[in-house]
Amino acid sequence: MKLKLLMALLCSLTWLNTAHAANRYISDDVYAYLHAGPSNKFRILGSIKAGESVTELARDPQTKYVHIRDADGRTGWVEGEFVQNAESFRSKVAKLEDSLKTTKEQLSSVDERHEQDIVDKTNRLQLQDQALAEQQTELEQLRAQHDKLESENLRLTSLMDDKEHSMRLDWLINGGIVAGIGALVGFLLPLIPLRRRKRNQGRWMN
C-alpha cells in the first residue's frame, strides 16, 4: 500500500509546475477540502474555510489542483477553481472589522480626551468662580471699612469744627473782657489824679 502511494506521488511530480509562493484566497461561496495529493482521489486532510487566506506553493497542470499552505501551517491540495487571486469578502470583512475596531478605539480615546478637557475646563471655571467670590467678599469688606473710615472722618471733622468754633468764641469773649477792662481802666485812671489835686489845693488854702 505504501509502495503504491509512493509510486503515485512520484508520478504526480511530473505533473507539477513549481511556482513562487503567492497569497491566494479560497472562494467565499465554497467549502473546500484539503487533499493529500493533486486530485480528489487522495485522502482528505481537512477542510479550508471559505474566504480564508492561503499561500499558493504549486499547481498541477493536469488536474488543476493547487498546492497550498493555510494560516495554521497545514499544506495540501485543493481544487484550483476554489482558489482566487482577488481578496475574498471574508478577508475584507475581517480587515474592515479591524479597521472599525481601531476607529472605535480612536474615537473612544478622543471622547476620553474630550471628557477630560471638559472636566479640566469645568474645574478651572469653578476655581475662577471661587476666586471671584473671594474677591467680591474682600471688596465688600473693603467697602464697609471705607464707609466706616469715612464716617469716622466726618465725625472727627465735625469735632474739629466744633472745637475751632468754641476756640473762636472763647477768643472773642476773652477779647471782649480784655477790651472792657481796658476801657474801664482807661476811664478810671484820669479820675484818680484829679482828686489828689483837689486835696492838695485845699491844704494850701488852709
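A polar contact is a pair of N or O atoms within 3.5 Å. In this predicted model, the side chain of D60 makes such a contact with the backbone nitrogen of Q62, at 2.9 Å. D60 sits in the loop that runs between β4 (53–59) and β5 (65–69).

D60 is buried but has no salt bridge. The nearest side chain of opposite charge belongs to K64, 8.0 Å away, whereas a salt bridge requires the nitrogen and the carboxyl oxygen to lie within 4 Å.

## Salt bridges

Side chains of opposite charge can pair when their charged atoms come close. The model has five salt bridges. One of them joins R74 and D70, with an N to O distance of 2.6 Å. D70 is buried, at 6% relative accessible area, while R74 is partly exposed at 32%.

Helix α2 (residues 89–188) holds K121 and D117, which are four residues apart and therefore separated by about one helical turn. Their side chains form a salt bridge at 3.4 Å, N to O. K121 is partly exposed at 43% relative accessibility, and D117 is partly exposed at 32%.

R168 and E164 also lie four residues apart in helix α2, about one turn. Their salt bridge has an N to O distance of 2.6 Å. E164 counts as partly exposed because its relative accessibility is 38%.

## Nonpolar surface patch

L169, L172, I173, I177, I181 and V185 make up a nonpolar patch on the surface. Together they have about 550 Å² of accessible area. V185 belongs to helix α2 and is partly exposed, with 39% relative accessibility.

Note on methods. Residues are numbered from 1 along each chain as its sequence is written. This is a predicted model: local features need pLDDT of at least 70, side-chain atom pairs count only at pLDDT 80 or more; totals for chains, interfaces and linings use all residues. Side-chain values use heavy atoms; hydrogens and water are left out. Helices (H or I, at least four residues) and strands (E, at least two) are DSSP runs, numbered from the N terminus. Buried means under 20% relative accessible area, exposed over 50%, partly exposed in between (1.4 Å probe, protein chains only). Lys and Arg count as positive and Asp and Glu as negative; His and the chain ends are not counted. A polar contact is a pair of N or O atoms within 3.5 Å; within protein, one must be able to donate a hydrogen and the other to accept it, and residues adjacent in sequence count only if both atoms are side-chain atoms. Patches are made of residues with over 30% relative accessible area and no salt bridge: like charges are joined within 9 Å, nonpolar side chains (Val, Leu, Ile, Met, Phe, Trp, Tyr) within 5 Å. Accessible areas come from the Shrake-Rupley method with a 1.4 Å probe; for residues, only the protein chains shown count as cover.
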